[in-house]
Amino acid sequence: MRQPILEARNITKRFGGLTANEDVSLRIDAPIGQVVSVIGPNGAGKSTLFKMLSGFLKPTSGQILLHGQDITGLAPHRIAQLGLVRTFQETTIFPDLTAMEHVSLAHQLHRNASDLEVVLGLPRAIQDEQTLGASAREILALMELSAVADTQARHLPQGLLRLLGMAMGLATRPQVLLLDEPYAGLNPEETNRAVAITRKVAAGGVSVLLVEHDMKAVMAISDRIHVLYFGKKIAEGTPAEIRNNPQVIEAYLGQEDEEIGL
Ligand SMILES: Nc1ncnc2c1ncn2[C@@H]1O[C@H](COP(=O)(O)OP(=O)(O)O)[C@@H](O)[C@H]1O
Ligand SMILES: [Mg+2]
């Protein structure tokens with residue numbers, strides 16, 4: 001069997017007496033370009049798992065492997081350089097910068113030239129600028145943001161800001177993109193658009209790992225779904241398998257119907 005792209009092995013995370021993740025294992029298998037989702041009621045441990053995968057939190061125990069390489073406990077920027085990136089949140093958006101400037105900024109991670117070369121305007125830095133400019137425009141086009149490339153973030157609606165956050169993640173050319181509730185707060189039209197674009201991103205050769213509350217979106221977009229419940233993984237399967245899994249239905253009982261949509 002081919003090596004998984006990303007693998008979490010028996011991850012546990014404790015915050016004092018609280019176990020946020022208990023012995024969670026999950027794989028994203030080759031080929032690149034699948035959409036894998038993690039679902040579960042509020043407080044199930046989804047964000048904690050994502051923070052560990054992307055290096056923002058260290059697991060108490062367990063191992064995380066990216067293309068077979070142990071990345072457990074590495075700093076987020078090191079993990080990003082190795083190809084796994086978490087989407088940029090609202091907090092990384094600057095109101096006065098344009099969409100294009102945001103993507104260019106995120107691109108810095110992938111620059112070939114050193115800071116000194118950039119400051120001195122040396123050839124390699126100049127070439128980088130041209131290549132990265134083209135790359136930024138390509139990413140904006142993929143995200144259907146070309147029309148607002150020169151618009152300041154302060155003038156963009158929520159739906160487009162969310163796409164811009166995703167565009168910034170893509171600027172680092174990841175193989176795995178982690179999206180934590182990318183459709184939260186979007187209206188149905190914005191959600192449909194963002195879901196379609198996420199699919200396009202995956203088809204373009206990025207494996208997407210998604211945490212999402214909008215069950216309709218999850219069912220529509222996912223190749224595989226993992227279910228967390230009180231920190232433990234209780235199920236894994238295709239959308240159809242998850243929808244019909246008695247343990248999953250049980251876990252969601254008491255939640256609002258429209259939220260789960262099972
Ligand atoms: N930094 C932290 N310190 C202490 N407890 C935390 C911390 N982060 C998350 N938790 C707790 O861990 C549990 C899982 O949280 P989280 O991963 O955010 O869940 P989800 O994203 O599934 O809603 C919750 O009980 C939450 O209160
Ligand atoms: Mg969360």
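Helices (H or I, at least four residues) and strands (E, at least two) are taken here as DSSP runs, numbered from the N terminus. The structure is a predicted model, in which local features need pLDDT of at least 70 and side-chain atom pairs count only at pLDDT 80 or more, whereas totals for chains, interfaces and linings use all residues. Residues are numbered from 1 along each chain as its sequence is written, chains are lettered from A and ligands numbered from 1 in the order in which they are written, and side-chain values use heavy atoms, with hydrogens and water left out.

Asp29 is located in the loop between S2 and strand S3 (35-39). With a relative accessibility of 28%, Asp29 counts as partly exposed, a class that lies between buried (under 20% relative accessible area) and exposed (over 50%), as calculated with a 1.4 Å probe and protein chains only. Apart from neighbours within four places in sequence, Asp29 is in contact (heavy atoms within 4.5 Å) with Pro4, Ile5 and Gln34. Although Asp29 and Ser207 are 178 residues apart in sequence, their C-alpha atoms are 9.1 Å apart in space.

Around ligand 1, the shell, made up of residues with a heavy atom within 4 Å of it, includes Phe15, Leu18, Ala20 and Asn42. An oxygen atom of ligand 1 lies 2.8 Å from a side-chain N or O atom of Lys46, and an oxygen atom of the ligand is 2.6 Å from a side-chain N or O atom of Thr48. The elements contributing two or more residues to this shell are strand S2 (18-28) and helix H1 (46-53), and H1 gives the most, with three residues.

Definitions and conventions: A polar contact is a pair of N or O atoms within 3.5 Å; within protein, one must be able to donate a hydrogen and the other to accept it, and residues adjacent in sequence count only if both atoms are side-chain atoms.
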